[in-house]
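Please look over the structure shown below before reading on.

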Amino acid sequence: MTQSEQLYEKARNYIPGGVNSPVRSFAAVGGQPRFIAKADGAYLWDEDGNRYIDYVGSWGPMLLGHNHPYIREQVQKACEKGLSYGAATKIEVEMAQLVCEMVPSVEMVRMVNSGTEAAMSAIRTARGFTGRDKVVKFVGCYHGHSDGLLVKAGSGAMTQNIADSAGVPSSYAKDTLLAPYNGLEQVRELFARMGGQIAAVIVEPVAANMGVVLPKPGFLEGLRELCSAYGSLLIFDEVITGFRLGLRGAQGVFQVTPDITVFGKIIGAGMPVGAYGGRRDIMELVAPSGPVYQAGTLSGNPVAMAAGYTQLMLLKQNPQIYEQLDAQGAYFFGRMQRMLKEAGAPVTVNYIGSLGCVFFTEGEVVDYDSAKASDTGMYAAYCNHMLAHGIYLAPSQFEAMFLSAAHTREQIDATIAAAKEFISAYDILSK
């Protein structure tokens with residue numbers, strides 16, 4: 001029995017499912033999770049000493065690669081001064097100023113401890129600002145596990161809201177209105193019926209929790225126009241896209257300005273952190289300035305702030321990193337597309353910059369329904385094939401792949417070669 005297998009057996013006695021987050025479970029692809037011992041650059045090593053080229057990157061924040069020496073150095077210096085104070089610090093002010101300088105739509109920002117907390121707080125703030133209760137979200141977009149956002153769509157997606165988790169009262173979901181991602185016409189219908197009750201629209205500008213799905217031309221612009229026309233707020237959940245697609249995130253790429261932005265992952269360089277921010281008149285409603293209560297004992301933790309500030313400064317001072325990442329993404333995902341097309345494989349590749357996904361479906365993937373048409377069994381075989389060849393992918397068809405500045409052409413070529421071997425070895429062309 002391997003070390004990972006032994007650890008998994010032990011973990012199942014003390015941790016639900018043996019993991020501290022469902023995304024780490026290998027239930028969707030079979031097998032057992034690898035327990036990671038260390039990481040450096042673009043590589044992971046498990047407890048058995050196996051090395052993997054990593055395309056998970058701690059689910060996105062490792063934009064510069066694992067264990068970046070300068071970030072590590074700054075974190076170590078912060079640790080020498082103490083791990084937590086529960087009091088205001090200079091570094092959190094500098095961090096807030098940096099975020100506001102880098103993202104023009106953010107005039108004030110509040111640090112929190114996770115993306116879930118940031119999204120939940122952003123919605124509360126929007127409700128407090130507008131005096132309205134209802135929120136529009138999109139099927140397949142994930143905004144954390146707060147009760148009001150764990151909603152799935154049935155056949156009556158825009159009128160019947162069903163909690164997508166046990167333990168969530170149906171009353172928590174009644175003010176969450178659903179529409180398909182890229183379904184601008186359905187959002188128009190919602191506003192026509194209930195526009196005066198809608199506090200906000202929350203959306204991943206690039207959906208990255210049903211694989212990777214890009215917005216259709218005019219979709220984000222249409223949401224902006226509707227929110228402005230009806231006095232609702234537009235919330236961009238940039239937990240994944242913020243500072244990954246560019247210094248201004250997806251809002252900079254698509255030139256659409258939200259009222260509130262949700263951040264996470266990358267602004268902590270791998271440390272637990274999140275944030276939400278937006279226009280000054282909105283954010284001044286947050287306690288202690290205003291009546292919208294939100295608090296966090298460890299928010300703005302000095303060690304996490306040191307990590308995040310250092311990574312953001314490196315990105316700001318070296319914007320060519322994004323040119324490198326975009327070139328790597330075009331090379332990697334572009335070659336994957338060509339290889340799969342030449343093989344006649346029923347596979348679709350969606351990507352933008354350093355963020356992408358390989359869907360095992362031949363149809364275009366533009367929303368949740370087209371994403372879930374993917375052959376998850378074939379993805380499971382693919383994931384395990386790649387793992388056996390030293391390539392670590394997300395153990396789910398519906399998660400993104402993340403490139404980092406640490407990935408080399410040699411590593412990317414090895415990954416494409418392993419994928420090509422899978423295409424040749426498995427009879428997927430007849431499926």
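Two strands are said to pair if DSSP finds at least two bridges between them, and strands themselves are DSSP runs of E that are at least two residues long and are numbered from the N terminus. With that in mind, strand 2 and strand 3 form a hairpin that has four residues between them, and G49 in the turn has a positive phi of about 85°. The model described here is a predicted one.

**The whole protein**

- The protein has 14 helices and 16 strands, and its C-alpha atoms fill a box of roughly 60 × 55 × 45 Å when this is taken along the principal axes.
- A compact globule with 431 residues would have a radius of gyration near 22 Å, and the 21 Å of the protein agrees with that expectation.
- Of the 431 residues in the protein, 55% are buried.

- Strands of a sheet pair through backbone hydrogen bonds, and they may do so either in parallel or antiparallel fashion.
- Strand 1 (residues 36-40) pairs with strand 2 (residues 43-46) in the antiparallel sense over four bridges; I36 has D46 of strand 2 as its bridge partner, while A39 has L44 of strand 2.
- The hairpin of strand 1 and strand 2 has two residues between the strands, and there G41 takes a positive phi near 60°.
- Strand 2 also pairs in the antiparallel sense with strand 3 (residues 51-54), over three bridges, and in this pairing L44 stands opposite Y52 of strand 3.

**The sheet with strands 13, 14 and 16**

- Another open sheet has three strands in the order 13-14-16, with antiparallel pairing, and its edge strands, strand 13 (348-352) and strand 16 (401-402), each pair on one side only.
- Strand 13 and strand 14 (residues 355-359) run antiparallel and are joined by five bridges, with F359 of strand 14 as the bridge partner of T348.
- Helix 11 (residues 320-343) lies across strand 13, strand 14 and strand 16, and runs at about 165° to strand 13.

**A pair of helices**

- The axes of helix 6 (residues 184-194) and helix 7 (residues 219-230) come within 10 Å and cross at roughly 10°; because angles under 35 degrees count as roughly parallel, helix 6 is roughly parallel to helix 7.
- Helix 6 contributes L184, V187, R188, F191 and A192 to the contact, and helix 7 contributes F219, G222, L223, L226, C227 and Y230.
- Sorted by class, the residues in the contact of helix 6 with helix 7 are nine nonpolar, one polar and one charged.

**A residue in a loop**

- V103 lies in the loop between helix 3 (90-102) and strand 4 (108-112), and with a relative accessible area of 1% V103 is buried, since buried means under 20%.
- Leaving aside neighbours within four places in sequence, V103 is in contact with F243, L247, Q251 and F263.
- V103 and A275 are 172 residues apart in sequence, and in space they are 13 Å apart from C-alpha to C-alpha.

Notes: Residues are numbered from 1 along each chain as its sequence is written. This is a predicted model: local features need pLDDT of at least 70, side-chain atom pairs count only at pLDDT 80 or more; totals for chains, interfaces and linings use all residues. Side-chain values use heavy atoms; hydrogens and water are left out. Axes are lines fitted to C-alpha atoms, for helices over the stretch in contact, and angles run from 0 to 180 degrees between N-to-C directions. Angles under 35 degrees count as roughly parallel, over 145 as roughly antiparallel, 65 to 115 as roughly perpendicular and the rest as oblique. Contact means heavy atoms within 4.5 Å. Ala, Val, Leu, Ile, Met, Phe, Trp, Tyr, Cys and Pro count as nonpolar, Asp, Glu, Lys and Arg as charged, and the others, Gly among them, as polar. The radius of gyration is taken over C-alpha atoms; the globule rule is 2.2 Å times the number of residues to the power 0.38. Buried means under 20% relative accessible area, exposed over 50%, partly exposed in between (1.4 Å probe, protein chains only).
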